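Me: I have a structure to go through with you. Please set each label against its cut-off.

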Amino acid sequence: MKRTLAFAALLLAISLPFQSKGGNPAGASPVAGDWVAAWNSHDPAKWATHFTSDVYYEDVTFGEISRGSAEASKFAAGFFSDVPDLKLELADSSIEGNHGSIQWILTGTDKGVFKTGKPFKVRGVSIITVDHGKISRSIDYYDLATIMKQVGALPAS
C-alpha cells in the first residue's frame, strides 16, 4: 500500500509541470482578463490603458499593424465601429514570464467590414508580450473565411 501511494505521489509530481497554467479561464492570468475587458469596454481610451505606450499591435487576418498607443487606439476604435456589439470571451490563457497566449471567442454583428448586418462567431488567439503588467506586443490570429461564411460574404460550403 505504501508503495502504491508513493508511486501515485511520484506520478502527480511528475505531471504537474506539464499541466496548462491557464486551462481554466476562472484561474486565468490577470493580464488575459484585462485584455478581454479592454476589448469588451468598447472604449478606445480605456482599451489603451492596458497596453504600453509603444505597443506593437498586429491583426494578421486583416494585415493591420499599429505602432504606439495612438495608432493602436485608432485600430481599436475602427473595430468598435465595424462591430458595435463586439464581445470577447476568454477561452484559455497561458502566460509564463513576459510571454504568453490568450485564446478567445469573438462574437458580434458585421456592420462595417462587409456591411451585412449579420452575426458571426469566431475563435482566435493572441500571442502577447507583457512589460510591467501591460501588453507591449499583441499579434492576433483568427480565420476570416469563417466570419465571411457566417455573414454571407462567402458561400457556406
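Me: Which strand is Ser136 found in?

Reply: Ser136 lies in strand 6, residues 134-142. Helices (H or I, at least four residues) and strands (E, at least two) are DSSP runs, numbered from the N terminus. This is a predicted model, where local features need pLDDT of at least 70, side-chain atom pairs count only at pLDDT 80 or more, and totals for chains, interfaces and linings use all residues. Residues are numbered from 1 along each chain as its sequence is written, and side-chain values use heavy atoms, with hydrogens and water left out.

Me: Why is Ser136 called buried?

Reply: Its relative accessible area is 17%. Buried means under 20%, exposed over 50%, partly exposed in between (1.4 Å probe, protein chains only). Therefore Ser136 counts as buried.

Me: What does Ser136 touch?

Reply: Contact means heavy atoms within 4.5 Å. Not counting residues up to four places away in sequence, Ser136 touches Thr52, Asp54, Val55, Tyr56, Thr129, Val130 and Asp131.

Me: What makes Asn40 partly exposed?

Reply: Its relative accessibility is 29%. Asn40 sits in helix 2, residues 30-40. Leaving out residues up to four places away in sequence, Asn40 touches Leu86, Lys87 and Leu88. Its C-alpha atom is 9.0 Å from that of Asp85, 45 residues apart along the chain.

Me: How do you know that strand 1 and strand 2 pair?

Reply: Pairing requires that DSSP finds at least two bridges between the strands. Strand 1 (residues 51-59) and strand 2 (residues 64-67) are joined by 4 bridges, so they pair. They run antiparallel. Asp59 stands opposite Glu64 in strand 2. The hairpin has 4 residues between the strands, and Gly63 takes a positive phi near 65° there.

Me: Why is Val60 called partly exposed?

Reply: Val60 has 34% relative accessibility. Val60 is found in the loop between strand 1 and strand 2.

Me: How many helices and strands are in the protein chain?

Reply: There are 5 helices and 6 strands. Along the sequence the pattern reads α-α-α-β-β-α-β-β-β-β-α.

Me: How much of the protein chain counts as buried?

Reply: Of its 157 residues, 38% count as buried. Among contacts between residues at least 6 apart in sequence, 53% join residues at least 24 apart.
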